Amino acid sequence: MIVRQCTNWLKMLFIWRGSVLKKIIVQLFTITLFSLAIYFFKGKIFDYKVHLNPTIFTLIGLALAIFMGFCNTASYDRYWEGRKLWGLLVIETRSLTRQILSLVDGPQNEEKQKIVRMISAFCWSLNYQLRNKPGKEHLSRLLSPEQVEKLNGKKFIPSIILGFIADWIKEQNRKGNIDTIVLTQLDHQLNQFSSISGGCERILNTPLPFAYSVLLHRTVYFYCFWLPFGLVDTLGWMMPLIVGLISYTFIALDAIIQEIAEPFGEEENDLALNTICRTIEFSIFEQAEIPQEELKVPDSYFID
């Protein structure tokens, strides 16, 4: 995820990291070359002059802009919902940690630190499940060997870790260290964890309807490749430059829509799940007085 303040206008023109330009540079180059060829042949294909009124492209461009606005809103809604779910996870992990540390009476501090590590393990496991990665180094670091062994072959690891936390709470209730009111509150916190995990899985497993993506993609490229025929007679040698600029606007927005519609990936404009997990771990470890390294501040504009 790119996090930086907007710099002066001149530097903004040449920013590369975080821009989708590197994804679409080949398409833009191809369209510009095609426009140059159309200019060279004066809009003719095999001696047939292609007559296209620029007004047609105005009408199509307006409709295309409206449809792209709809798709962009839908994609950003998915991105923002994902960020809200992970923001809620930050709150819930800190709340659960505080409740365990202050409301559970019997266990020694070392025993409570084990459950705090499980909370952190849940966050890391959700992160890596959404990114379809194993993430075993964090689970081995935070869970006991017996618990790690139980996770082998499991598909929904966050749910299994929630079960570990629930078993710990159940054991404390059996020992009389948690009364019924506190037990109910802790169970509510675990239900919140399940809701967050389910919400993230809903976003991951329910992409934008494929028909929308296909229609948008086709329309953008058909529009950009036919545009030179409508502008060659009115713009002359400036036509390839103008077509390139218009194509950049539409194709770049199409690429952004596709990128932010999947907010849990590892591209430059996706959510910084690793950084959120590190923040959660640092804050709850600090609450539980678990020794840890200093929280590192990113030394670049990119955080993962």
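**Exercise 1.** Which residues does Asn127 touch, not counting residues up to four places away in sequence?

*Solution.* Begin with the partners: Asn127 touches Trp86, Leu273, Asn274 and Cys277, where contact means heavy atoms within 4.5 Å. Before going on, note that this is a predicted model, in which local features need pLDDT of at least 70, side-chain atom pairs count only at pLDDT 80 or more, and totals for chains, interfaces and linings use all residues. Residues are numbered from 1 along each chain as its sequence is written, and side-chain values use heavy atoms, leaving out hydrogens and water.

**Exercise 2.** Is Asn127 buried or exposed?

*Solution.* Take the relative accessible area of Asn127, which is 0%. Then compare it with the cut-offs: buried means under 20%, exposed over 50%, and partly exposed in between (1.4 Å probe, protein chains only). Asn127 is therefore buried.

**Exercise 3.** Where does Gln99 lie, and which residues is Gln99 in contact with, leaving aside neighbours within four places in sequence?

*Solution.* First, locate Gln99 in helix α3 (residues 54-103). Then list its contacts: Val104, Gln185, Leu186 and Gln189. Finally, check its cover: with a relative accessible area of 6%, Gln99 is buried.

**Exercise 4.** How many Å apart in space are Gln99 and Val214, C-alpha to C-alpha?

*Solution.* Along the sequence, the two are 115 residues apart. In space, the distance from C-alpha to C-alpha is 49 Å.

**Exercise 5.** Where does Met238 lie?

*Solution.* Look between α9 (210-235) and α10 (239-260): Met238 is in the loop there. Its relative accessible area is 30%, so Met238 is partly exposed.

Conventions. Helices (H or I, at least four residues) and strands (E, at least two) are DSSP runs, numbered from the N terminus.
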